[in-house]
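Here is a short briefing to read beside the model. Keep the sequence and the 3D view open as you go.

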Amino acid sequence: MTQYAIVTDVNRCVGCLACSVACKVVNNVPVGSFWNKTLRVTNPSEGGSNWPDVDNYYLTVSCQHCENPECVKVCPTGASHKLPDGTVQVDKSKCIGCQFCAMSCPYGVRYLNEAEGVVEKCTLCEQKIAQGELPQCVTQCGGMARWFGDMEGDIRDFKGARGETLGNYCEEFTDDQVYRLPDVGNGPAGAFILRRMTWRGGDL
Amino acid sequence: MELQWPLILFTTLLAWSAGLFATQCIYALRGVGARAQMPAWITSAVLLVVGGIAVFMHLEHWERIFNGFGHITSGITQELIAIVVLAVVAVIYLVYLRKNEGAAPKWIAWAGIVVSVVLLVVMAHSYMMPARPAWDSIFQIISIVGAACVMGPATMAFLCSVVAKLGQADPFENTLVVAGSAVNVLASVIYVAVMSIAGASYASMGSYFDPTHPTYPMVDTTALSPFSDGMVATAVAVIAAIVALAGAFVGKKKGDWSVWGVVVTICGLVSALALRILFYQMGGSVFIYF
């Protein structure tokens, strides 16, 4: 079983938004929709609040291609479905635009394409990964923060833009420095590595 | 999240329709109100059809509805199945009404009550999503059943009084309207309370900012409370439910539902609509930051 996903080294992300822009360009994402968005999280660091003693990091949020996706469960036509490579995709020809998938997604990463009347989201650039290429947000990441691979294997083997692997290129990390977005039973596949700062948003 | 009016109307009208059909089945079990049975059946059917039309307005591509429709884990599929089952039972019920001059056998009356309740539970259950803490509660289901409990008996009492001209109300009829209104008050208040504690389920990000929308205010999770400023729907839902209950008591005292049946029904409808509006206003996801 394969479970493709993106691992983001949050310490490396500089918040340039290149991933968001690259995604919009390569996938023709409509104005107002973001298949990949960036949230700046800025809080006092643990143990002190003297400025600039702050935790500041950027969180890139897109479809987490969950192991047990609620969006697939609620779809009445099977338009939202999970592929053997673990990615969650939308068959637009089957989508009736009921938007229950968007309601059931914990991360708000599904958008109604008003021109086409169907729901869209990050495909993990299926058109590229099916050919052995990387998702465009990974290819375009200026900070070498985004890495792509199979979660069934070691995330240190995930590949980055220049052919390196996450394990060889990034600063060492421990398992307890690998975080997920809030899990309400959906099992988000994407992961985030954060060192020396307090992870926010996973306290459910 | 933004108000989904087609769904608000669909759920409310379906509660009304199923509530009325279940009530006329209860009347049939008691062997009362035979002359009101046909008007009640027609009213219930009209409400079901109007609700059905409303929900189609929510779909972007309704013409694709049979393009693979039937994914059984989907709440929408389950709702459709429940509606079809209710429609079949209602048609059989109609056949008996026509044949027996307003009387229906007990087995079909029981079937009508059961499918009505099942439909409401299935419909409300389709909104129970772990991603939306304010929706993911059994009290959300009970609130829909509560709406049916107030609108159904009150409408039936009105039809008995005005359309069927059955004269002085039956004590059982009075009790049904009062009990239904009381259930609605209780269900509405409890669900509002449940929504108010759902705020603890949102992921906490501390201080955050969306660089792609620098001029947009970010979502403030503390504002997601039924008691925060601007949540007029909370007051309307609860007050209308209480007024419906008060109207039920007055109607019971007077033994005449020609006016008070309408008052209770309208207040129940307003309460149900307001609660569904609040439902969407409170419908933030656990990770609400976009």
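The points below cover the contact between the chains, the sheets, the core and a few single residues.

This is a predicted model. Chain A puts 41 residues in contact with 37 residues of chain B. A sheet of three strands, β3(A)-β2(A)-β1(B), takes strands from both chains. The largest nonpolar core has 156 residues.

**Where the chains meet**

- The contact involves 41 residues of chain A and 37 residues of chain B.
- On the side of chain A that touches chain B, β2 (36-44), α2 (70-74) and α3 (100-104) each supply at least two residues.
- The largest share of that side, seven residues, comes from β2(A).
- By residue type, the side of chain A that touches chain B divides into 21 nonpolar, 13 polar and seven charged residues.

- Helix α1 (residues 18-27) of chain A lies across β2 and β3 of chain A. Its angle to β2(A) is about 165°.

**T42(A), a residue of β2(A)**

- T42(A) lies in strand β2 of chain A.
- Leaving aside neighbours within four places in sequence, T42(A) is in contact with V54(A), N56(A), S207(B) and F209(B).
- T42(A) and N56(A) are 14 residues apart along the chain, yet 4.4 Å separates their C-alpha atoms.
- T42(A) counts as partly exposed because it has 15 C-beta neighbours inside 10 Å. A buried residue would need 20 or more.

**The four-stranded sheet of chain A**

- Four strands of chain A, in the order β8-β1-β10-β9, form an open sheet with mixed pairing.
- Its edge strands are β8 (146-150) and β9 (178-179) of chain A, and each pairs on one side only.
- Strand β1 (residues 4-9) of chain A is joined to β8(A) by five bridges, and the two run antiparallel.
- Within this pairing, Y4(A) stands opposite D150(A), and I6(A) stands opposite F148(A).
- β8(A) is mostly covered, with four of its five residues buried.

**The nonpolar core**

- In soluble globular proteins, nonpolar side chains tend to be buried together.
- Here the largest nonpolar core has 156 residues. Those with the most contacts inside it are A15(B), A18(B), L119(B), L120(B), A148(B), M151(B) and L278(B).
- Helix α1 (residues 5-30) of chain B gives the largest share of this core, 15 residues.
- L119(B) touches A18(B), A82(B), I83(B) and L86(B), not counting residues up to four places away in sequence.

**Helix α8 of chain B**

- Helix α8 (residues 257-281) of chain B has 25 residues.
- From its first C-alpha to its last, α8(B) reaches 34 Å, close to the 36 Å expected at 1.5 Å a residue.
- Of the 25 residues of α8(B), 18 are buried, so this helix is largely enclosed by the rest of the structure.

**Two positive phi values in chain A**

- N28(A) has a phi near 55°, a positive value in a residue other than glycine.
- N28(A) is in the loop between α1 and β2 of chain A.
- L124(A) is not a glycine either, and its phi is positive, at about 60°.
- L124(A) is in the loop between β7 (118-120) and α4 (126-129) of chain A.
- Is each one buried or exposed? N28(A) counts as exposed, with 8 C-beta neighbours inside 10 Å. L124(A) is buried, with 30 other C-beta atoms within 10 Å.

Terms used
Residues are numbered from 1 along each chain as its sequence is written. Chains are lettered from A and ligands numbered from 1 in the order in which they are written. This is a predicted model: local features need pLDDT of at least 70, side-chain atom pairs count only at pLDDT 80 or more; totals for chains, interfaces and linings use all residues. Two strands pair if DSSP finds at least two bridges between them. A nonpolar core is a set of buried Ala, Val, Leu, Ile, Met, Phe, Trp, Tyr and Cys residues joined through C-beta atoms within 7 Å. A residue is buried if 20 or more other C-beta atoms lie within 10 Å of its own, exposed if 12 or fewer, and partly exposed in between; C-beta atoms are placed from the backbone. Two residues are in contact if their C-beta atoms, placed from the backbone, lie within 7 Å. Ala, Val, Leu, Ile, Met, Phe, Trp, Tyr, Cys and Pro count as nonpolar, Asp, Glu, Lys and Arg as charged, and the others, Gly among them, as polar. Axes are lines fitted to C-alpha atoms, for helices over the stretch in contact, and angles run from 0 to 180 degrees between N-to-C directions. The expected span of a helix is 1.5 Å times one less than its number of residues.
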